[in-house]
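Keep it brief and give the cut-offs.

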Amino acid sequence: LDEKDPQAVALGYVADTTKADTKKYPKHDKAQKCNNCALYQGKATDAAGGCPLFAGKQVAGGGWCSAWAKKG
């Protein structure tokens with residue numbers, strides 16, 4: 001997923017969770033990553049995986065977006 005993709009921009013997606021905009025997203029935590037999000041469709045060990053928010057695209061396992069939700 002390109003960080004400049006309109007949907008990515010809208011959700012504040014970054015391929016590296018440590019580069020998230022903490023001013024815009026003050027609740028962000030570096031422990032939050034795509035690979036430990038409830039929406040992530042890959043395995044926790046995968047470098048990238050699918051996400052229903054970005055249909056047909058792969059998100060970085062170490063990435064983050066504002067829709068991050070703790071895996072149950």
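## Asn-35

Asn-35 counts as buried because its relative accessibility is 19%; buried means under 20% relative accessible area, exposed over 50%, and partly exposed in between, with a 1.4 Å probe and protein chains only. The residue sits in the loop between α1 (6-11) and β1 (48-50). Helices here are DSSP runs of H or I with at least four residues, strands are runs of E with at least two, and both are numbered from the N terminus.

A polar atom of the Asn-35 side chain lies 3.1 Å from the backbone oxygen of Ala-44. A polar contact is a pair of N or O atoms within 3.5 Å; within protein, one must be able to donate a hydrogen and the other to accept it, and residues adjacent in sequence count only if both atoms are side-chain atoms. Leaving out residues up to four places away in sequence, Asn-35 touches Tyr-40, Ala-44, Gly-61 and Lys-71. Contact means heavy atoms within 4.5 Å.

## Model and conventions

This is a predicted model, in which local features need pLDDT of at least 70 and side-chain atom pairs count only at pLDDT 80 or more, while totals for chains, interfaces and linings use all residues. Residues are numbered from 1 along each chain as its sequence is written, and side-chain values use heavy atoms, with hydrogens and water left out.

## Cys-37

Cys-37 is also placed in the loop between α1 and β1. Is Cys-37 buried or exposed? It is buried, because its relative accessible area is 7%.

Cys-37 and Trp-68 are 31 residues apart along the chain, and their C-alpha atoms are separated by 5.7 Å. Setting aside neighbours within four places in sequence, Cys-37 is in contact with Trp-68, Ala-69 and Lys-71. Lys-71 is also touched by Asn-35.

## The cavity

How many cavities of 30 Å³ or more does a search of the whole structure find? It finds 1. A cavity is a set of points, on a 1 Å grid over the protein atoms alone, where a 1.4 Å probe fits but cannot get out; lining residues have an atom within 4 Å of a point. The largest cavity has a volume of about 90 Å³. That volume is the space filled by probe spheres set on the points, with grid points joined across faces, edges and corners.

The lining includes Cys-34, Cys-37, Cys-51 and Cys-65. Trp-64 and Trp-68 line the cavity too, as do Tyr-40 and Phe-54. Leu-39, Leu-53, Val-59 and Ala-67 are also part of the lining. By class, the lining has 12 nonpolar, no polar and no charged residues. Ala, Val, Leu, Ile, Met, Phe, Trp, Tyr, Cys and Pro count as nonpolar, Asp, Glu, Lys and Arg as charged, and the others, Gly among them, as polar.

## Salt bridges

Side chains of opposite charge can pair when their charged atoms come close. The count here is 2 salt bridges, each a side-chain nitrogen of Lys or Arg within 4 Å of a carboxyl oxygen of Asp or Glu. In one, the side chains of Lys-57 and Asp-5 meet at 2.7 Å, N to O. This pair links distant parts of the chain, 52 residues apart: Lys-57 is in the loop between β1 and β2 (58-60), and Asp-5 is in the segment before α1. Lys-57 is partly exposed at 36%, whereas Asp-5 is buried at 16%. The Asp-5 side chain also reaches the backbone nitrogen of Gln-7 at 3.0 Å.

Asp-16 and Lys-19 form the other bridge, at 3.3 Å, N to O. Asp-16 is partly exposed, with a relative accessible area of 29%. Lys-19 is exposed, at 60%.

## Glu-3

Glu-3 lies in the segment before α1. It counts as partly exposed, at 39% relative accessibility. The Glu-3 side chain reaches the backbone nitrogen of Ala-15 at 2.8 Å.

Not counting residues up to four places away in sequence, Glu-3 touches Ala-8, Val-9, Tyr-13, Val-14, Ala-15 and Asp-16. Glu-3 and Lys-71 are 68 residues apart in sequence and 23 Å apart in space, C-alpha to C-alpha.

Technical notes
1 Å grid on protein atoms, 1.4 Å probe; cavity = no way out; pocket = protein on both sides within 12 Å on 5 of 7 lines; lining within 4 Å.
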